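Walk me through this protein, one piece at a time. Start with a single residue, then widen the view.

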Amino acid sequence: MNEHLLHDHRPIRIPAVVKGDVAPSEPILLDQHARPLRDLRISVTDRCNFRCTYCMPRSVFGKDFQFLPRSELLTHEEIERAAKVFVSLGVEKIRITGGEPLLRKDVDMLASRLVALTTTEGRPVDISLTTNGALLARKAQSLAKAGVKRLNVSLDAIDNAVFQRMTDADWTVDDVLQGIEVARSAGIAPIKINMVVKRGVNDDQVLPMAKYFRGTGHILRFIEFMDVGNTNQWNRSAVYPSSELIALLHRYFPLEPVSPSAKGEVAKRWRYVDGQGEIGVISSVTQPFCGDCTRARLASNGRLYLCLFGQQSVDLRALLRESDDDDALREKVASVWSQRTDRYSEARGFSPLIYSPRVEMSHIGG
């Protein structure tokens with residue numbers, strides 16, 4: 001996708017904004033690989049209180065790093081307006097991300113605005129939030145009151161020494177666990193615990209994490225170390241393949257596969273044979289799932305990316321601020337999506353890739 005798409009005004013057939021069911025004859029918005037637009041990740045800040053080595057290493061994001069000024073961030077009103085446009089085009093799920101979204105002032109008020117949205121078929125839009133959990137104990141009640149029903153919490157180790165080495169911050173595992181418990185008590189469920197696994201760094205935490213969260217009702221998900229952005233010094237030797245991880249877990253806690261709950265689900269699901277819950281594995285490196293990817297990403301500065309490994313983007317902030325014409329904004333998003341060809345993870349697997357710098361994860365969330 002190229003920047004010139006911002007000025008591409010060719011007409012395109014897109015679903016009408018309607019209440020109730022969409023007419024059977026109404027076309028579905030598809031990209032060049034016949035993938036519909038169903039999920040939107042909205043970053044609300046590029047700041048974070050962790051310096052995880054695989055995302056925001058302190059060597060790059062140090063005390064002198066220039067984060068976005070407030071004037072460049074989308075306002076709550078602009079985010080809500082953009083979200084309404086995406087929902088009118090078929091989005092059914094929205095995830096609030098960062099950086100660390102709980103650093104954004106009044107993020108609970110923003111969540112309540114998004115919770116009020118309904119799909120073109122009249123169903124509530126599924127609103128979730130991803131957090132590192134450090135501030136969750138303080139924010140969980142207000143998020144639940146706002147209507148957030150699902151959370152993804154990042155936690156890469158249950159051992160505090162390993163955790164602090166990876167996060168390069170003073171927060172502790174107990175801080176995160178307390179936040180998870182407050183969220184559970186507030187009625188937020190399910191809570192998914194996301195663990196990025198790096199070989200030789202925290203792979204010794206796989207079994208302890210599984211043991212800790214078995215039977216809690218929370219869903220532990222193991223994520224392969226990915227080459228997101230340009231600063232995390234990714235190399236394939238540090239990838240702990242999901243197949244190897246499942247084999248390890250199965251030896252101690254027998255597992256059986258679970259059918260996906262929806263097409264395009266990124267995690268492959270497994271459940272414990274003894275009924276103590278389920279886990280998931282996200283295998284973007286060894287088992288790419290580009291073919292079913294239905295996700296768009298709106299960065300905190302209003303730039304639209306169509307891939308987690310995106311290089312090019314489209315400036316929606318300019319359209320939001322220059323005009324109140326939602327139809328024009330809708331036409332632009334539809335035009336960009338219809339020309340989408342992104343499949344980075346699949347391409348990585350069969351040919352050498354020489355790509356210009358990619359967007360940093362801290363700008364668009366996970």
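Leaving aside residues up to four places away in sequence, Leu40 touches Ala83, Phe86, Val91, Lys93, Ile94, Arg95, Ala296, Arg297 and Leu298. Leu40 sits in strand β1. Is Leu40 buried or exposed? Its relative accessibility is 1%, so Leu40 counts as buried. Look at one of those contacts, Val91. Leu40 and Val91 are 51 residues apart along the chain, yet their C-alpha atoms are separated by 6.6 Å.

A word of caution comes next. This is a predicted model. The mean pLDDT of the protein chain is 87, and 84% of the residues reach 70 or more. Residues 1-25 have a pLDDT below 50. That stretch still has 57 contacts in the model beyond near neighbours in sequence. Where pLDDT is low, the predicted coordinates should not be read in detail.

Now widen the view to the sheet. How many strands form it, and in what order? Twelve strands make an open sheet, and the order is β7-β8-β9-β6-β5-β4-β3-β2-β1-β10-β11-β12. The pairing is mixed. At the edges are β7 (255-258) and β12 (314-315), each of which pairs on one side only. Strands of a sheet pair through backbone hydrogen bonds, either parallel or antiparallel.

β7 and strand β8 (residues 268-272) run antiparallel and are joined by four bridges. Pro257 has Trp270 in β8 as its bridge partner. Next, β8 pairs with strand β9 (residues 278-282), again over four bridges and in the antiparallel sense. Here Trp270 has Ile279 in β9 as its bridge partner. The hairpin of β8 and β9 has five residues between the strands. In this hairpin, Gly275 takes a positive phi near 85°.

Stay with β9 for a moment. Four of its five residues are buried, so the strand is mostly covered. How does β9 pair with strand β6 (residues 219-224), parallel or antiparallel? The two strands pair in the parallel sense, over four bridges. Phe222 stands opposite Val281 in β9.

Strand β11 (residues 303-305) pairs with β12 over two bridges, in the antiparallel sense. Arg303 stands opposite Asp315 in β12. Helix α1 (residues 76-88) packs on the sheet. It touches β1 (39-43), β2 (93-97), β10 (295-298) and β11. The direction of α1 makes about 170° with that of β1. Helix α2 packs on the sheet too, touching β1, β2 and β3. The direction of α2 makes about 170° with that of β2.

Two further helices show how burial can be arranged. In helix α3 (residues 136-146), the buried residues are Leu136, Ala140, Leu143 and Ala146. Seen down the axis of α3, these residues fall within an arc of 130°, so they line one face of the helix. What do they pack against? Their neighbours are α2 (107-115), β3 (126-131), β4 (150-154) and α5 (173-185). The face of α3 turned away from the buried side carries the exposed residues Arg138, Gln141 and Lys145. After α3 comes Gly147, whose phi is positive, near 110°.

Finish with the cysteines. How many disulfides does a search of the whole structure find? The search finds zero. Cys48 is in no disulfide, and its nearest cysteine sulfur, that of Cys52, is 6.3 Å away. Cys48 is buried, with a relative accessible area of 17%.

Technical notes:
Residues numbered from 1 in each chain as written. Predicted model: local features only at pLDDT ≥ 70, side-chain atom pairs only at ≥ 80, totals over all residues. Heavy atoms only, no water. Buried < 20%, exposed > 50% of the residue type's maximum accessible area, 1.4 Å probe, protein only. Arc of directions from axis to C-beta. Contact = heavy atoms within 4.5 Å. Pairing = 2+ DSSP bridges. Axes fitted to C-alpha atoms, helices over the stretch in contact; angles between N-to-C directions. Disulfide = S-S within 2.5 Å. pLDDT = per-residue confidence, 0-100.
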